[in-house]
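The structure comes first, then the report.

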Amino acid sequence: MAGDAAHVLTPLTAKGFNSSLEDASTLAECLIKGLQGSAAADALMEYESRRLKDVRKMVQSGQSFSRSFGRA
């Protein structure tokens, strides 16, 4: 899974489009290295390691922001 299918961002943060562009760019950079044999798996692991930290922060920030609307 890649992009918004893997990490659902809240629309309140308005980061979904930018995140999808970063996902596509990073994935392309990783896949340029090759799509044969273990190189494909290595490329996808690199993609995950490069994007996961930033995406987790965006998702957690959006969740926190959304919860703040439910507080009185």
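How are α1 and α2 oriented to each other? They are roughly antiparallel, a label for angles over 145 degrees, where under 35 is roughly parallel, 65 to 115 roughly perpendicular and the rest oblique.

## Basis of the model

This is a predicted model, in which local features need pLDDT of at least 70 and side-chain atom pairs count only at pLDDT 80 or more, while totals for chains, interfaces and linings use all residues. Residues are numbered from 1 along each chain as its sequence is written, and side-chain values use heavy atoms, with hydrogens and water left out.

## Helix packing

Helix α1 covers residues 16-31 and helix α2 residues 38-68. Helices are DSSP runs of H or I with at least four residues, numbered from the N terminus. The two pack at an angle of about 160 degrees, and their axes are 8 Å apart. Axes are lines fitted to C-alpha atoms over the stretch in contact, and angles run from 0 to 180 degrees between N-to-C directions. The crossing of α1 past α2 is right-handed, meaning that the near helix is turned clockwise from the far one by less than a right angle.

Contact (heavy atoms within 4.5 Å) involves residues of α1 including Ser19, Leu27 and Cys30, and residues of α2 including Ala43, Val55 and Met58. The residues of this contact divide into 8 nonpolar, 2 polar and 6 charged. Here Ala, Val, Leu, Ile, Met, Phe, Trp, Tyr, Cys and Pro count as nonpolar, Asp, Glu, Lys and Arg as charged, and the others, Gly among them, as polar.

## Thr26

Thr26 lies in α1 and is buried at 10% relative accessible area. Buried means under 20%, exposed over 50% and partly exposed in between, with a 1.4 Å probe and protein chains only. Leaving aside residues up to four places away in sequence, Thr26 touches Tyr47, Arg50 and Arg51.

## Salt bridges

A salt bridge is a side-chain nitrogen of Lys or Arg within 4 Å of a carboxyl oxygen of Asp or Glu; the count is 4. Arg51 pairs with Glu22 at 3.1 Å and with Asp23 at 2.7 Å. Because Asp23 is in α1 and Arg51 in α2, their pair ties together parts 28 residues apart in sequence. Glu22, Asp23 and Arg51 are linked in a network. Arg51 is buried at 5% and Asp23 at 3%, whereas Glu22 is partly exposed at 31%.

Within α2, Glu46 and Arg50 are about one helical turn apart and form a salt bridge at 3.3 Å.
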